[in-house]
Amino acid sequence: MKQSRVSRRDALKLGLTATAGLSLPKLFAQPAFAGPKTTPAKAKSVIQIWMWGGPAHLDTFDPKPAAGRDFCGPLDKPIATNVDGIQIGQLLPKLAKHADKYSIIRSMTHGVQAHETASYITQTGHAPGRLVYPCAGAVVSKFFGVDAGYKGIVPPYIVLNQPQGRFSEAGLLGEKYKPFATGGDPAKKPFVVEGIVAKGISDKRQLSRRGLLGALDLFGKSNPDHPLLKQHDGSVAEAYEMIFGPAKELFDLEKEDAKLRERYGMNTFGQNCLMARRLVEKGVPYVTINYKGWDTHKGHFGIMNQKLPEMDAAMATLLEDLKSRGLLENTIVWWGGEFGRGPKVQWKAPWNGGRSHFGHCFSSVLAGGGFKGGTVIGESDATGSEVKDRPVHPKHVIASIYTQMGIDPEGRLPNPRNLDLKVMPDAQDGLLKEIM
Amino acid sequence: MRQFYFILMMLLAGSHAFCQAPHGGYIFPAGIQRGQTCLAVLGGQALRGVTGLHISGKGVSARVIKIYRPYRNFNAVQRSYLKQTLLNARDKILGPENVAKMPEKARAGEIPTFEEEKERPHLAAFYQLGTKNLRELGHIGLTIFADRSRLQPNRQIAETMLVEITAAADAEPGPRELRLLGKWGFSKPIQFQVGLLREVNETEPNTRAAQEQHARFLPPQLKLEKEAPLALPVLINGQILPGDMDRFRFTAKAGQNLVIQVQARALIPYLADAVPGWFQAVVTVFDSKGKEVAFCDDNRFRPDPLLQFKVPEDGEYEVEIRDSIYRGREDFVYRMTIGELPVLTDIFPLGARAGSEASVQLRGHNLTTTKAALNTAPGLQSRRTLTAANGILGTCFYDVDTLPEITEAAVGPAKETVTLPLIINGRISHPNEMDAFFFEGKAGQQIVAEVKARVLGSPLDSILRLRDSSGKRIAFADDHMEKVGHLHKEETGLNTHQADSYLTASLPEDGRYSIEIADAQNQGNAAYRLRISPPQPRFKLFVSPTNITAAPGGVAIITAHVQRKDGFAGAVKLSAKLGSGKDVLISCPAIPAGWDEFTTTIRLPRDATRGMTTLQVQGTATGQDGQVVTAAAIPAEDRMQAFLWRHLLPTETLMLHVAKRGFVPPPIKVKQKLPLALKAGEAFDLTLEASHKRAFAQEGLNLALHHPPEGVTLAASKLDGKFAQLQIQCSEDFSLTAGNLIFKVTRTFKRKIKQTGKEKLFTQQLGYLPAIPIGQQQ
C-alpha cells in the first residue's frame, strides 16, 4: 500500500509551509512598497549575513596588532585594503581588495553578553520589553511583501538555511511575516529545499502524495467552510505551485557557471551567498544567511583559520558578483552577529585560546544599496574593548537600512493589535549619515 | 653575587613560565571510605608535568601511577593495538572453547607491536585489564570504539591520570581539597571526599539499553551475568556520560525510611562550558515491576537531590540517576548514598551571640539526636559550619554575631515589640505567614534590616517591608545581590539566587515603626536571622587565586574582593603571612576607599622555605568611629558558570608553592615620586632603575601593563641596561586618584619547530614586577 508511505513529517512540512505566510503569487515582479515613505528608496533588497554566535571583531574588521598576543593571539598581522588607511584581518585578503565597496562600523555596542537578548536587539533594534518587535526582515517583508503586492516566485523573506527561531521572527506582526527557511544545504546536490525540492522523490511521487493528503483530509472535508482551513488549503495549493513551478529552478544552483560556484566556495556558506544573489536578482526583498559557527569559546584561532578564508572568498565574490550584475547599487549587504568576541584571549582551561561573548564593542559591515564604501565609522579603543568614538547601536544600523529602502523609521508600523508603534523610533540622531 | 643571581633567575624562569600549571577537571571516584585504598582516574590538562598530589587535612595520601595522553590523538595502528588488547583480554575470560565457537572475524587478532615503546598507546581504562570482567571489558570497548559514541572532546579534561589514594582508618570524614603539583605550578583544588560508609564504584553498563548494546561484544551463546542487588547502606561512585542513565538494584523492607542523597554539584559546583553550569542530577526509584515510586530533582533550593523514600513493601527496587536533560561528560561525577541513614536537613535557630552558650534544634530524617551545641567563640568568620556527629549526612550553617539576640518563641505569625539593635532568630512556618517586629524610632535615624537565611542554608526567599505607625510603607526590599558585573560575591559561592533581603532607610519622624518579613514564594517552613540595627559599617574580604607559585624573592599577583556592608566605604589595608608566620610583602597594600576589587602583588621573603605552605591574608580598616577592624580574607576561586556568570567560590586554604626556581625580579627603584601622579590626557614618563646594570638588557625582554586602570596605556617602552624608560598615556577621561600599575615581564624569542623546520616566534611570560602605586601625591 503506497498510502502507508506518507509520513506525518511530510504532512507537517506542508502545513508549516502554509502557515509561513506563503500566499504565493504567480508572476515574477519587482517588489512594491506599502509603508511610510521617506526619501526615494536607494535599495530594493537586503542580504543579511548573520554571523551566528558573534564573530570576533579583532580578527575580522577591527584588528589591533599593537594590543599584543593577549588580544590578537597569532592573528597580529592585519593587511592593507584597496582603501588607503583601512586595514582588516590577515585572513581576509580577498575582502581586502573590495574595501571600496563596503563600510565598516567599528563602534557597534549594546552591552549585552547573552546570545538570546543580544540577537533580539541586533535583529529588531529594540531592547527587550513588554512587546516583541519584529526583526528587520519581517519589517521589510511587511512593507515590501504580499501586503504591498509583491509577486515574487518565492516568499519575500527567505532564510538560508536554518531559521534562528524566535529571534529572527515576526514578533507582534504575526505569523504571516515570518521567514521561509529553506533547510537543506546548497553545497549538496540536490539543494534540498524544505517543501520544494526533496531528495530522491520524483515529481510524480510528490503529486501522488498530494492526492493522498487530500484523500486523508477527513477533518477538512467535514468542515469545508472553516476560514482557517480555507486559508490553509489555499496555501497548500500555492506551495505545490512553488514546488513544481519556477521556484524549483530558482533553487537549482546547477544552473550557475561552475567556475563562479567555485569562486564562491563549494561549501554551505559560499553556495548560500550565491543563492542569495539569485534570490535578490529575482526581486526577493530580504534574504538572511544564517552563518553558524562563530560562537568560538574554545580553540578560537583554529576555527578562524578554517572559517575566515571560507567567509572571505564567499563574501568577496558576492560583492563582486552583485557589482558586475548591477545589483550592488540596490542591494544592501549587511554583515554582523549578535555581538563581537572578547578582545582578551582566554588562554587557560577550559577555553584554551577562546574568546567570550562581547557586546560592549563590536563591528558590523554594510555594503551596497546606496551605502558608500571605503569608510570606517566609529572607533574602538586600543584593545577593541570599548567604543572610543561614535557609538552605534543596532537601532541606528536598522534605521539606516530602512531609510535606504525608503521606509521612514519614524513612520507608523502597522500591526494586528493596532498599537501606535513606530517603525524604528529614536534612531534619527545616530543614522549612518556618513555613508548614506 | 646577588646581581648574577638575578640574571640567572631570568634565564631559568624560561622553562617555568613557558609551561602551564596542571589543571584538574574531575576525579572519579570522587571519594573513598576511610581505611581503604582506591584507584582513581583524574581528568585534566597539562598533566604531563605532574609530580604529585596534595590533599588537604590529615590522613589521606596519594601517588601518581601513570599519566595518559588524550585518546583521540591515537593513530590507526595504536587504535588497533587497543582493540586487539581488549579482545585478547575478553578471549582469556571466555576460554578457548567458547572462542572456537565464534565466527573467525569476531575473534581477537594479533596485537600490533611497536618499534619504539613510546609509540605504544595507553589508557587509564586498560590498567590491570586482566582483572576486569566481561561487563567492564564490554563497556570499555563500547566507549572507545562504538561509532555512536557521543562524547564531546573537551581539551580541559582530555588528559587522564591514574592515581592511588589511601585514607587512613582515622582520617577525618568530609570534603578535602586535592591539588595537582607540577613542575611549573600547581592546580586549583578539586573536591575529594572521605566517607564512613562502604563504597562501590559503578560498573558500566548499568542501563538496559546499554546492556543490549553491550551484548554485541559477546558471542551470541553468552549472556551477561546479572549483578546481585546492592546491600544497604552503600555509597555509589558514578559518572554520567552522554545519554547515560545509571541504574542500581537494591532490596528494602516495608516501612524503611530510606534516604537517597546525591552529591554532584557539591563536588564540582560550576562548569564554565555547560548550560546549566553543573551536572544537574535527578533520581528516580522504580519498584520491581518497573513502576516509578519516587522521584527527586533537588533538595530545597539546592540542585543536588535528597530523596526520602518510605518503602511501601518488601522487595527489590531500582534507583536511576541521570542528568535532567540527558547530558553527560567525564566530569559529571557523583556520589550517591542509599540507606536508612540519619540526614540533617535544617537547624533552628540559625545562629547565636558571640561568646554565649548556645545550642540548636536539629531536623532531618532518621535522626537519633535533636540538639547540638554551637561554637560561638568570637573572632572567627561569622558564618560557621555545624559539624554533626560522624555518620550524619548533610551540613548546616549558622551565624555568630556580637549584637543582642532574641529567638521567636511562637510557631506562627510573630508580632513583637523589640529594642534595637537586635538580631531576631525567627521562622516563617506556614505559607503566607508574615512576622512583624515593632520598634521606636527617631526622625533621621538610619536603620538597617538584614536577613540571613539562604546564606545559612534556609530556603526562605525573604522580602522586607518597613512601615510607619499608620501602616504606610516606607521601604521595601527583596533579593539583595552582592554582584559586580558578572561576578557574584555571595558568601557561600554556591547560591545562584541571592534571595536574602537587605533594607536601609532613614526614618522620617519620631514614632513607632515595624519591620515585616515574609516569604516571597509563600512556601513557609523556613528559618531566618533578621538584624535590625543602626548601620554597622563592616566588610568581608575575599582573595584569589588560591594557587600561587613563586620562587623565594619572587613576585605574584593577588586580587582582593571587598564586600562592603552598611555603608562602609573606607580603605582596607592588606597584610599577609606565610603558614610559618613569616611576613609577606604586599607592594601596594591599601585597597582604595570605595573600591570593591583590587589587584596587587606580593613578594615572597628571600628565605622562604621551599615547598607547599599556606598564605593568610587579612584586611584592616578604620571605621567611622575610629575603631580599627580586622577581617581575615576568605580564600576563593573565581569560577565561571555557564559561559557568563562568575562566582567567588570559597576554598579551605590559599595554598602557596614556594618553588625551587622561577622569575625573581631585582630590587627596582622608581625614579619618579610615589605615588605616580597620572593626569587625564597627559603622558607620564616613568623610569625604573634596577639594581643590576644589565637587568633589562636581555634580548627580547618586554614590559607590558597587566590589567591597567581604565584609560591608561603603555605608549612606549625602552629597555636598556639597568633602566626601563616607559611612557604611560592617560586618556582624557582618566579620573583615578588611587590604584597601581603592574608590569608583566615577557620575553620574545625564536625557536625552530621540529616538524616543519621553520622558526617560530614565541612569547614567554616570565612574571611580574612589584606593583607601583598611583594616586594623588601628599
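Where in chain A does E386(A) lie? In this model, which is predicted, E386(A) sits in a loop of chain A, with β13 (379-380) on one side and β14 (387-389) on the other.

Now to the aromatic rings. How many aromatic pairs are found over all chains? Searching the whole structure gives 17. One of them joins Y157(A) and Y286(A): the ring centres are 5.4 Å apart and the planes stand at 85°, so this pair is edge-to-face, since planes over 60 degrees apart count that way. Y157(A) belongs to strand β5 (residues 157-160) of chain A and Y286(A) to strand β7 (residues 286-291) of chain A, so the pair ties together parts 129 residues apart in sequence.

Are these two tyrosines, Y157(A) and Y286(A), buried or exposed? Y157(A) is buried, at a relative accessible area of 1%. Y286(A) counts as buried too, with 1% relative accessibility.

Next, chain B. F309(B) and Y317(B) make an edge-to-face aromatic pair, with 5.6 Å from centre to centre and 75° between the planes. F309(B) has 4% relative accessibility and so counts as buried. Y317(B) is buried as well, its relative accessible area being 3%.

Last, back to chain A. Which residues do ring pairs link into a cluster? They are F61(A), Y102(A) and W335(A).

Technical notes:
Residues are numbered from 1 along each chain as its sequence is written. Chains are lettered from A and ligands numbered from 1 in the order in which they are written. This is a predicted model: local features need pLDDT of at least 70, side-chain atom pairs count only at pLDDT 80 or more; totals for chains, interfaces and linings use all residues. Side-chain values use heavy atoms; hydrogens and water are left out. Helices (H or I, at least four residues) and strands (E, at least two) are DSSP runs, numbered from the N terminus. Rings of Phe, Tyr and Trp (its six-membered ring) pair if their centres lie within 6.5 Å; planes under 30 degrees apart count as stacked, over 60 as edge-to-face and the rest as tilted. Buried means under 20% relative accessible area, exposed over 50%, partly exposed in between (1.4 Å probe, protein chains only).
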